[in-house]
Amino acid sequence: MSYVKNPHISTMEEDVLYHFALSTGTHDLKEMFGDVKFVCIGGSPTRMEKFAHFLVDELEYYLPAGQTLTDIAGATDRYAMYKVGPVLSVSHGMGIPSVSIMLHELIKLCHHAGCEDVQFFRLGTCGGLGLEPGTVVISEATVDALFRPALELHVLGKQVLRDADLDMVLAEEVLSCSGQEDDFKTILGKTMCTLDFYEGQGRLDGAFCDYTNADKMAFLRRAYDLGVRNIEMESLCFAAYTHHAGIKGAVICVTLLDRLKGDQVATPHNVLEQWQARPQEIISRYIRKQLGLND
């Protein structure tokens with residue numbers, strides 16, 4: 001099965017994955033990435049580097065003496081990419097435009113490498129709705145800020161709506177990897193994906209705001225009543241692209257605040273660091289289970 005839905009790719013002498021500093025002409029992508037089964041993406045390069053080092057221990061991955069993890073995309077400053085056995089850890093930046101560019105090239109990378117039955121996971125942070133901060137939300141569906149379950153694209157001067165579907169079987173499998181021993185809750189919930197952090201999410205603390213607190217609360221309560229439990233800025237694109245490519249995908253994000261109670265993230269940085277590791281812990285358990293590494 002081909003993940004790429006573009007007939008022009010097969011006619012190209014060389015495909016340059018510019019934002020990864022990789023190409024089919026210069027690199028043996030099949031040799032480098034052909035064994036990849038799990039692709040984990042997150043906004044921050046530093047966070048995804050830490051996740052890669054975390055996986056070395058979790059997956060009992062052997063690094064020969066004198067060797068260390070290297071940023072495969074280090075020749076560019078756009079994204080970071082690390083490989084730990086069958087797992088890729090990749091940063092995607094912030095917002096739909098950034099994750100869109102990255103996913104186009106990442107999907108092509110898996111295509112050129114001949115990856116089979118690969119699964120994609122977005123690990124990130126978000127604002128919660130009616131949830132205790134630190135709660136992990138596994139997305140059961142994604143909607144835009146107009147509550148539509150589709151990604152709106154403008155292609156050749158026309159509006160294109162691409163269905164943003166996630167694999168519910170995969171979501172349930174990931175949920176099963178959360179446990180009673182965790183000191184935090186993990187739930188399934190609908191995720192709203194917006195085009196920006198401030199006005200698009202109904203915040204009152206941006207440089208511009210032409211609505212009242214009552215307007216904001218009515219919007220957030222409507223979202224809550226429709227099943228939305230968290231808000232972020234990448235899941236809609238992630239869901240639309242993985243679905244269009246025929247790749248199973250899941251979104252796992254930790255809430256940093258309850259938007260029904262405020263707009264600003266005031267939690268101490270050391271606590272946020274602990275919370276941000278929670279989606280990584282859950283997905284590492286899932287990967288260990290799939291690889292038969294669980295005790």
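**View 1. The largest nonpolar core and the residues at its centre of contacts.** In this predicted model, the largest nonpolar core has 44 residues, and Phe 20, Leu 106 and Phe 120 touch the most other members. At least two residues of this core come from each of these elements: helix H1 (29–33), strand E3 (38–42), strand E5 (87–91), helix H3, strand E6 (119–128), strand E8 (150–155), helix H6 and strand E12 (248–258). H3 gives the most to this core, with nine residues. Another core lies apart from it and has 33 residues, including Phe 51, Val 84, Leu 256 and Leu 272.

**View 2. Contacts of Phe 20.** Leaving aside residues up to four places away in sequence, Phe 20 touches Ile 72, Ala 73, Thr 76, Tyr 79, Met 81, Val 90, Met 102, Glu 105 and Leu 106. Phe 20 and Leu 106 are both among the residues that touch the most other members of the largest nonpolar core.

**View 3. Packing of helices H3 and H6.** Helix H3 covers residues 96–113 and helix H6 covers residues 235–245; their axes are 10 Å apart and meet at an angle of about 20 degrees. Angles under 35 degrees count as roughly parallel, so H3 and H6 are roughly parallel to each other. Their crossing is right-handed. On the H3 side, the contact is made by Ile 96, Val 99, Ser 100, Leu 103, His 104 and Ile 107; on the H6 side, by Cys 237, Phe 238, Tyr 241 and Ala 245. Of the residues in this contact, eight are nonpolar, two are polar and none is charged.

**View 4. Leu 131 in a loop.** Leu 131 sits in the loop between strand E6 and strand E7 (136–143). Its relative accessible area is 13%; buried means under 20%, so Leu 131 is buried. Not counting residues up to four places away in sequence, Leu 131 touches Val 137, Ile 187, Arg 229, Thr 255 and Asp 258. One of these, Ile 187, is 56 residues from Leu 131 in sequence, while the two C-alpha atoms are 9.8 Å apart in space.

**View 5. Lys 190 in strand E10.** Lys 190 belongs to strand E10, which spans residues 186–193. With 24% relative accessibility, Lys 190 counts as partly exposed. Beyond four places away in sequence, Lys 190 touches Glu 140, Ala 141, Val 143, Leu 226, Gly 227, Val 228, Arg 229 and Asn 230. Trp 275 is 85 residues from Lys 190 along the chain, and their C-alpha atoms are separated by 20 Å.

Notes
Residues numbered from 1 in each chain as written. Predicted model: local features only at pLDDT ≥ 70, side-chain atom pairs only at ≥ 80, totals over all residues. Heavy atoms only, no water. Axes fitted to C-alpha atoms, helices over the stretch in contact; angles between N-to-C directions. Helix = DSSP H or I, 4+ residues; strand = E, 2+ residues; numbered from the N terminus. Parallel < 35°, antiparallel > 145°, perpendicular 65-115°, else oblique. Left-handed = near helix turned anticlockwise from the far one by under 90°. Contact = heavy atoms within 4.5 Å. Nonpolar A, V, L, I, M, F, W, Y, C, P; charged D, E, K, R; others polar. Core = buried A, V, L, I, M, F, W, Y, C linked by side-chain atoms within 4.5 Å. Buried < 20%, exposed > 50% of the residue type's maximum accessible area, 1.4 Å probe, protein only.
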